[in-house]
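Here are my notes on this model, point by point. Please read them with the structure open.

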Amino acid sequence: MTQHGLEQHWDLVVVGAGPAGSAAALGALHQRPGARVLLLDRADFPRDKVCGDGVAPHALDVLETVGVTGLLDDWPVAPRLRISVVGAPGVPVVEEAMSRPAQVVPRAVLDERILRAATDRGAVLRRARVRDVLQDGAGVGVVLSDGELVRARVVVGADGAHSEVRRALGPAAVPPQKRGTTAIAVRAYAPVLPEHDGVQVLAFSTDTDRPSYAWSFPVGDGRANVGFGQLVDSRSSAGQTPTRARLLERLEELLPGTTAGAEQVAGHPLPLSTGRSGVWSVGRVLLAGDAASLVNPVTGEGIYYAVLSGVLAGRAALGGGRYDRMLGEALVGHLRHTDLAARLVRSDRLLHAALRASARDTGVFDDVADIGLARGRLTRRVVTGMGRALLAG
Ligand SMILES: Cc1cc2nc3c(=O)[nH]c(=O)nc-3n(C[C@H](O)[C@H](O)[C@H](O)COP(=O)(O)OP(=O)(O)OC[C@H]3O[C@@H](n4cnc5c(N)ncnc54)[C@H](O)[C@@H]3O)c2cc1C
C-alpha cells in the first residue's frame, strides 16, 4: 500500500458526510470517545442533497441514542398527512394528524447539523474524493483522487447512491442492484399552495409503474419541497429513465399548480432496499445508507435508515458488535414488510383498500404511515382493515 505515498492511520475512516456518514462518526465516538475518526466528503458543507426533505422522527430517536438531542427542536412541524390516489373516483382522500409528524428540513440544514454534532465530538472532516478502497492482510485503506492512501482499521462507505466504495468492493462481493428496483425522482422548491400549507401531501398515480407518487412537503418558510418519483421500469420496452421534464410534468398532472415558481429543480436516483441481497459488509468495509441501498421501496424515504445504519456501523467499527447482525436485527423484519407493501400498492384494488381502511381507522392510518416512514409493519389491524375494505367492495 506504500506506493500511494503519504499514509495516515485512523481507527475509522468514513467516506461521505451525509446522514449515514456523520451518524457513523457519532456511533463510533459514542462507542469509544477519543477514537480517531476521519470523515471524508468530496463536497463542501453545507451542501444541498436532492431529497424530499421529510425527516422521520425515528431518525432523531436514533441520534438521541448517541447523545445528540434537540437537533430540530427549533424547526417547524407540518403535522398533517394527506394521501390520495389521483384519477380513482370513489377512493377517499385520507387526511389525519400524524401521531409523530415528520419534519421537513432542507438537507443543507439537516446534514450540516448532524455533521457538526460529529465534529463537535472530535470527528475530523476533510474535503476529498475517494476513488478506491484497498483491503489486504495489513488492513484497509482508501485512495483519494490525488493518489494519497489513507489507512484505517475500518472503513465505512456512506457515499450515497453512486457509492465508489461499494463499486471498489466489486460485483462479486456486493451483487449489483436488481433490475427494476431503482427509482428516479425530481424535486424542486416552490411557493407552497394555500391548500397544502401545514400538510404533507402524497398523491399516488393510477399508473401501473407504482410505487410512484407526487409530493408537496411544506418547509415552513412559505416554500414547499415538491417532487415526483417513480420506478425506472426496466420491464417497459422503452426501458429508459424518464427525463427531468417528464417527471415535472407528472408532478404537475398529479398536484396541479405545485410547479409554479419552481426553483432548484434536480433529479437523483434512489436505490431501493428490494434491490440488494443484504450484503452490508465485506471484511473491514461496512456500507451504510444509500450505499447499502437502504431506501424504503414504497415511499423512497432513506434518512432514517441512513442514520440507523450509520450509527450501527460506527459502533461496530469500534468493537461494539457485529454490524450485519445488529442491522439485520433492527431492520430485516421491517424490510420484508416494506417489500411486500411495495408489491401490494401495485394493485389498484389493494391500494384503494388501504386508503379506505386508513380513512375508517386512525390506527390503520398510523401503521400505514409507519411502514412508509421508518420501522413499521403490515400489522394485523392493517391487514384486517384492508380485508374489510375489500369485502365491502
Ligand atoms: C428526490 C428524492 C427525494 C427523497 N426524499 C426523501 C425524504 O423525503 N425523506 C427521506 O428520508 N429520504 C428521502 N430520499 C432519500 C434520501 O435522500 C437518502 O436516502 C439519503 O440522502 C441517504 O443518506 P446517505 O448519507 O446514505 O447519502 P447522501 O445523503 O447521498 O450522502 C452521501 C455523501 O457522500 C459524498 N460522496 C459521494 N461520493 C463520494 C466520494 N467518492 N468521495 C467522498 N465523498 C463522496 C457526497 O458528497 C455526500 O455528501 C429522497 C431521495 C431522492 C433522490
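1. Contact here means heavy atoms within 4.5 Å. Helices (H or I, at least four residues) and strands (E, at least two) are DSSP runs, numbered from the N terminus. The model is predicted: local features need pLDDT of at least 70, side-chain atom pairs count only at pLDDT 80 or more, and totals for chains, interfaces and linings use all residues. Residues are numbered from 1 along each chain as its sequence is written, and side-chain values use heavy atoms, with hydrogens and water left out.

2. Start with α8 and α10. From α8, Arg349, Leu350, Ala353, Ala354, Arg356, Ala357 and Arg360 meet Gly385, Met386, Ala389, Leu390 and Ala392 of α10. This contact of α8 with α10 has eight nonpolar, one polar and three charged residues. Nonpolar covers Ala, Val, Leu, Ile, Met, Phe, Trp, Tyr, Cys and Pro; Asp, Glu, Lys and Arg count as charged, and the others, Gly among them, as polar.

3. Helices α8 (residues 348-360) and α10 (residues 380-392) pack at about 110°, with axes 8 Å apart. Axes are lines fitted to C-alpha atoms, for helices over the stretch in contact; angles run from 0 to 180 degrees between N-to-C directions. The pair is therefore roughly perpendicular (65 to 115 degrees; under 35 is roughly parallel, over 145 roughly antiparallel, the rest oblique).

4. Now α8 with α9 (residues 362-373). Their angle is about 130° and their axes are 5 Å apart. That makes α8 oblique to α9. Ala357, Ser358 and Arg360 in α8 meet Thr362, Val364, Phe365 and Val368 in α9.

5. Which residues come nearest to the ligand? They are Asp41, Gly52, Gly54, Arg107 and Asp290, out of 37 residues around it (a heavy atom within 4 Å). By class, the shell has 17 nonpolar, nine polar and eleven charged residues.

6. Check the polar contacts (pairs of N or O atoms within 3.5 Å). A polar side-chain atom of Arg47 is 2.9 Å from a ligand oxygen. For a side-chain N or O atom of Lys49, the distance to a ligand oxygen is 3.2 Å. A polar backbone atom of Arg42 lies 3.1 Å from a ligand nitrogen.

7. Two backbone features deserve a look. Phe45 and Pro46 are joined by a cis peptide bond, omega about 0°. Pro46 sits in the loop between β2 and β3 (54-55). Asp53 lies in the loop between β2 and β3, and its phi is positive, near 70°. Most residues other than glycine have a negative phi, and most peptide bonds are trans.

Conventions
A polar contact is a pair of N or O atoms within 3.5 Å; within protein, one must be able to donate a hydrogen and the other to accept it, and residues adjacent in sequence count only if both atoms are side-chain atoms.
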